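Subject: Structure handover

Hi,

Here is the structure I promised to pass on to you. Have a look at it first, and then read on for my notes.

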Amino acid sequence: MTFRIHHMNCGTMCPLCARLINGSGGWTARAKLVCHCLLLESPQGLILVDTGLGTGDVKEPNRRLGAGFVAMTSPKLDLSETAYVQIKAKGLNPADVTHIVPTHLDLDHAGGLSDFPDAQVHALGVELKHAIQPSKKDSLRFRKAQFEHGPRWVEHNHTPVDWFGFEALAPIPELADQLLMVPLIGHTRGHVGVAVRNGQTWLLHAGDAYFHRSQVTATPAMPAGLKLFEQLVQTLPEPRKQTTARLRELALKHPNEIELFCAHDPVEFERYQ
């Protein structure tokens, strides 16, 4: 069985200074970041990997995302970019979304959860703990308003299998050889990558384990502003650095078996369009 895989941008963000964030463009031009999500058509229904910004975020950005995030990232807040609307535009039924596997529960990855209230939402136990009962600082990234519909959480702890030297676990038992959660700790305490079998190869949605495509190449060349942002939003600095280094090694050792992409790099997203 092979998934039918759709790549979707579920939230364009336009922070200041394209040169510092994207590495090209003008100093005063707006940058472009995406919220790269996957929609999988499977025998178990539709599966989302990340949800990006949801319809509620578009309608109530300051309450659900926070005024600070809105001011800093200047999201487009376009209903047509939400996963809910994009699924309908593909001729599919949003009510058929049965599972959501977020890479983590930051506001720009979990905003669409409320558009799919009947879906099971899979996360590591440590991620759930800090998202549902955040510290004052973490409440800026884990937004109570995005969870007020009462998500159908499915908590996962380690029953690991080996995946190219990484520990991994299967959130949906019927798809154990097709879909895996791969802990990539650092950006948050329970951050995961999501590995999806694509024929004879794998896709690895690495979420925010890295931010720029060059970080998983032999010659990293990350734009200065993006590098600073990555450091500002990391929860565990040393594990985050170790995770990025392991992903670089993975990409270099297995270029014909695994395709990596992160959540926000627009050039990576455009590869699949």
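How many disulfides does a search of the whole structure find? The search finds 0. Please keep in mind that this is a predicted model, and that goes for everything below.

Cys17 takes part in no disulfide, and the nearest cysteine sulfur, which belongs to Cys14, is 14 Å away. A disulfide calls for two cysteine sulfur atoms within 2.5 Å. Cys17 is also buried, at a relative accessible area of 11%. Cys262 is likewise in no disulfide; for this residue the nearest cysteine sulfur is that of Cys35, 11 Å away. The relative accessible area of Cys262 is 0%, so this residue counts as buried.

Next, the sheet. Six strands form an open sheet in the order β1-β2-β3-β4-β5-β6, and the pairing is mixed. At its edges are β1 (4-9) and β6, each of which pairs on one side only. From one strand to the next, the twist averages 25°.

Strand β1 pairs with β2 (residues 36-42) in the antiparallel sense, over 6 bridges, and Asn9 stands opposite His36 in β2. Further along, β4 (residues 97-100) and β5 run parallel and are joined by 2 bridges. There, His99 stands opposite Gln120 in β5.

Helix α7 (residues 125-132) lies across β5 and β6 and runs at about 105° to β5. Which of its residues are buried? They are Gly125, Glu127, Leu128 and Ala131. These residues cover an arc of only 160° around the axis, so they sit on the same side of α7. What do they pack against? The buried residues of α7 pack against β5 (120-124), α8 (144-147) and β6 (152-156).

Searching the whole structure gives 6 aromatic pairs. One of them, Trp163 with Trp202, has ring centres 5.8 Å apart and planes at 80°, which makes the pair edge-to-face. Since Trp163 lies in strand β7 (residues 161-163) and Trp202 in strand β11 (residues 201-205), this pair ties together parts that are 39 residues apart in sequence. Trp163 and Trp202 are both buried. Ring pairs also bring in Phe164, linking Trp163, Phe164 and Trp202 into a cluster.

Is Thr244 buried or exposed? Its relative accessibility is 4%, so Thr244 counts as buried. Apart from neighbours within four places in sequence, Thr244 is in contact with Ala209, Tyr210 and Gln215.

Key: Residues numbered from 1 in each chain as written. Predicted model: local features only at pLDDT ≥ 70, side-chain atom pairs only at ≥ 80, totals over all residues. Heavy atoms only, no water. Buried < 20%, exposed > 50% of the residue type's maximum accessible area, 1.4 Å probe, protein only. Helix = DSSP H or I, 4+ residues; strand = E, 2+ residues; numbered from the N terminus. Arc of directions from axis to C-beta. Contact = heavy atoms within 4.5 Å. Pairing = 2+ DSSP bridges. Axes fitted to C-alpha atoms, helices over the stretch in contact; angles between N-to-C directions. Phe/Tyr/Trp six-rings, centres within 6.5 Å; stacked < 30°, edge-to-face > 60°.
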